[in-house]
Amino acid sequence: MPKYPNITVTLPKNADNADIVMACLQAMKAHNIGNELEQFARDIEKGGPAHLRQTAEKWFNIK
């Protein structure tokens, strides 16, 4: 279960890392959870670029 199960982020079919980050940031802004930005960035850094989608899935519903 993601940290924010009520937020769904829709990604393009062939989403690259930039697409994933931008979609997540837009969702954070739209749902007024910008206060979580630093923690989200730390989680991305911890997981590394190869696991960015998995990190996003820990935060949001990814579609």
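Me: Which residues is Glu 36 in contact with, leaving aside its neighbours within four places in sequence?

Reply: In this predicted model, Glu 36 is in contact with Lys 3, Tyr 4, Met 28 and Trp 59. Glu 36 itself is found in the loop between H1 and H2.

Me: Why is Glu 36 called buried?

Reply: Its relative accessible area is 14%. Buried means under 20%, so Glu 36 counts as buried.

Me: What makes H1 roughly parallel to H3?

Reply: Helix H1 covers residues 17–30 and helix H3 covers residues 52–59. Their axes come within 10 Å and cross at roughly 15 degrees. Angles under 35 degrees count as roughly parallel, and therefore H1 is roughly parallel to H3. The crossing of H1 and H3 is left-handed.

Me: Which residues make the contact of H1 and H3?

Reply: H1 brings Asn 17, Ile 20, Val 21, Cys 24 and Met 28, while H3 brings Leu 52, Arg 53, Ala 56 and Trp 59. By class, 7 are nonpolar, 1 is polar and 1 is charged. Arg counts as charged, so Arg 53 is the charged residue here. Asn falls among the others, which count as polar, so Asn 17 is the polar one.

Me: How do H2 and H3 cross, and what is the handedness of the crossing?

Reply: The axes of H2 and H3 come within 9 Å and cross at roughly 145 degrees. H2 passes H3 in a right-handed crossing. On the H2 side the residues are Gln 39, Phe 40, Asp 43, Ile 44 and Gly 47, and they meet Leu 52, Thr 55 and Trp 59 in H3.

Me: What classes of residue are in the contact of H2 with H3?

Reply: There are 4 nonpolar, 3 polar and 1 charged.

Me: Which residues touch the most other members in the largest nonpolar core?

Reply: Among its 16 residues, these are Ile 7, Val 9, Phe 40 and Phe 60. Strand E1 (4–9), H1, helix H2 (37–47) and H3 each give two or more residues to this core. H1 supplies the largest share, 5 residues.

Me: What does Phe 40 touch, not counting residues up to four places away in sequence?

Reply: Phe 40 touches Cys 24, Met 28, Trp 59 and Phe 60.

Terms used
Residues are numbered from 1 along each chain as its sequence is written. This is a predicted model: local features need pLDDT of at least 70, side-chain atom pairs count only at pLDDT 80 or more; totals for chains, interfaces and linings use all residues. Side-chain values use heavy atoms; hydrogens and water are left out. Axes are lines fitted to C-alpha atoms, for helices over the stretch in contact, and angles run from 0 to 180 degrees between N-to-C directions. Helices (H or I, at least four residues) and strands (E, at least two) are DSSP runs, numbered from the N terminus. Angles under 35 degrees count as roughly parallel, over 145 as roughly antiparallel, 65 to 115 as roughly perpendicular and the rest as oblique. A crossing is left-handed if the near helix is turned anticlockwise from the far one by less than a right angle, and right-handed if clockwise. Contact means heavy atoms within 4.5 Å. A nonpolar core is a set of buried Ala, Val, Leu, Ile, Met, Phe, Trp, Tyr and Cys residues joined through side-chain atoms within 4.5 Å. Buried means under 20% relative accessible area, exposed over 50%, partly exposed in between (1.4 Å probe, protein chains only).
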